[in-house]
Amino acid sequence: MEDIRQKIRANDIKGVERLVKMDPTIIHQRYGELGRTPLMLVCIKGADRRILETLIDAGGEVGAKDCEGCTALHLAVYWHRLQAMELLIARGSNVNEKNNFGCTPLHLATEWTDGVKALRKQSAVKVNARSNDGHTPLHWACSRGYLHTVELLLGHNGIDANVVDNNGDTPLHMAVQKRNYKVVTLLLNQDSVNLEIVNKEYRTPLLEAVSDGHLGIMQRLIARGANVNVVDHGGNNCLHLALKRENNFHSEVEHMTMLDQYLKDLKLGKKQRYSGVVVACYLAHHGANFYCKNKSGRTPLDLIKKENLKKMLKTLFSPHHGGGRRMDQALKGPIRCVFCEDEVATETFFPCKHLSLCKKCCLPKIPKRCPMCRQNITSKNSLVGPNSSNMEVQMVAGPVGSPELKEKDLLRVAKRLGRDWWQVAIVLGVDTTKLKIDDESIDAVKQGYLMLYEWFRNCDPETRTHATLRAALEEAECVAAMECLSLDAK
């Protein structure tokens, strides 16, 4: 007897029709260890759409499951068969059906943006569906680093970016744990993302980043306002975790002059630039407490074996100043930016005044909370007279001005961006699907210019400045384009 599987593999439409007519029960046959029907085999092999229609018309069950609980739609998604997927949905396949692992078709589509787009069109799709281990499709995409899928899911109505899995991890936790730096950056652009959710280890995403040794992600989280003095289940704060690391920290960000200063202050060699003690100084600079005791009664300083190093840290970070923020910040001289420490601060944030930033580091939007004391920020004021040692004397009302952008500035930036323009689009929140720039014949510079012009045309006129675009370029790590814009501003 002829085997319908051979006809499916050969894309023999007439052969399949003949076999189904001879024996209608053949469409319910199960094949292989996983017990898959002919309908499922068509989805796996990507056979002609007409074969799939023939089997469905003959009574093939679109909701039938194999031994792993997968329907034909699960398999069509897994094998990236868009035509089969669309036909199955049109014929009544359940877009929210779960397999034995609790995964819906949307979970399986996370590595395939066309599949995600097709499923998002279905009003019935449950974008926050949880698998047996509590993972949503967003957890999967963040864990695997599928940046475009994360962007699509975050843009879906009803998405919950703070769902926790069975381990208490949010999608942000998973992106941090897997060191998916660009995904973390994308998530942090969402106001709805909560930075302070703790998992079963009582760790926030910041504590995970410190424990995993990722300096670039730590910097992003702190800039977004993450609490630097939260503690894990053992009472350890971020300084405990930094000093416990045996290996150096990893960073994807540009050179941080602040680390060089601490190398000099602590009289350490260049090889220790990314060591735990230097990074701990960076964290203490942002308010982390060197005198916080864990449940064993040990402070971060107790973890340092060299007495001379411990003494230097006690000098730099006095307990009378909260154990964080350098004592020499209170000395006479111009107020330095708390982020880069290279430039004189031009703006300070009220009411606590802990956050003083230079033009380069200043954020286009006022942050919600001070990253050091966690107090709500109400406003920002500019600083004048940079040689003045008295902060109160330097206060004047009104924000620091920034040159307005012109179209020629956009072209200069686009030339430096090249093919990295899409990263800036994510930061600026530009919907690139509306730009019609997927054509390979359009060069990268033109694509970048069209994206920038779309933002330029639709953004708030007050934010159409060098400072706003420079901040976006810095966040997307497009250094060459950022330098070009800085030269234009001068």
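T170 is buried in this predicted model. Its relative accessibility is 1%, and the cut-off for burial is under 20%. T170 sits in the loop between α10 (147–154) and α11 (171–177). Its side chain makes a polar contact with the side chain of H173, at 2.9 Å. Leaving aside residues up to four places away in sequence, T170 touches H139, A161, N162, V163, V164 and I197.

For residues 167–189, the ends lie 24 Å apart. That span is 65% helix and 0% strand. For residues 201–233, the ends lie 6 Å apart. Here the content is 52% helix and 0% strand.

Helix α6 covers residues 82–90. Its buried residues are A84, M85, L87, L88 and I89. They are covered by several elements, including α3 (38–45), α4 (49–57), α5 (72–78) and α8 (113–120). Just after α6, the backbone at G92 takes a positive phi of about 100°.

Cysteine pairing was searched across the whole structure, and zero disulfides were found. C103 illustrates the result. The cysteine sulfur closest to that of C103 belongs to C70, at 8.2 Å. A disulfide requires sulfur atoms within 2.5 Å, so the separation of C103 and C70 is too far for a bond. C103 is also buried, with 5% relative accessibility.

Aromatic rings were treated next. A pair of rings is described by the distance of the centres and the angle of the planes. The search of the whole structure finds five aromatic pairs. One of them joins Y449 and Y453. This pair is stacked, at 6.1 Å centre to centre and 20° between the planes. Both residues lie in helix α22 (residues 444–458). They are four residues apart, about one turn of the helix.

Y453 also pairs with F456. That pair is stacked too, with 6.2 Å between centres and 25° between the planes. Y453 and F456 are three residues apart in α22, again about one helical turn. An α-helix has 3.6 residues a turn, so residues three or four places apart point the same way. Y453 is partly exposed, at a relative accessible area of 29%. F456 counts as buried, because its relative accessibility of 12% falls under the 20% cut-off.

A further group lies elsewhere in the sequence. Ring pairs link Y262, F290 and F317 into a cluster.

Arginine side chains also meet aromatic faces. R144 lies over the face of W140, at 4.4 Å from the ring centre. R245 lies over the face of F249, at 5.2 Å from the ring centre.

Terms used
Residues numbered from 1 in each chain as written. Predicted model: local features only at pLDDT ≥ 70, side-chain atom pairs only at ≥ 80, totals over all residues. Heavy atoms only, no water. Phe/Tyr/Trp six-rings, centres within 6.5 Å; stacked < 30°, edge-to-face > 60°. Helix = DSSP H or I, 4+ residues; strand = E, 2+ residues; numbered from the N terminus. Buried < 20%, exposed > 50% of the residue type's maximum accessible area, 1.4 Å probe, protein only. Lys NZ or Arg CZ within 6 Å of the ring centre and 35° of its normal. Polar contact = N/O pair within 3.5 Å; in protein donor to acceptor, adjacent residues only side chain to side chain. Contact = heavy atoms within 4.5 Å.
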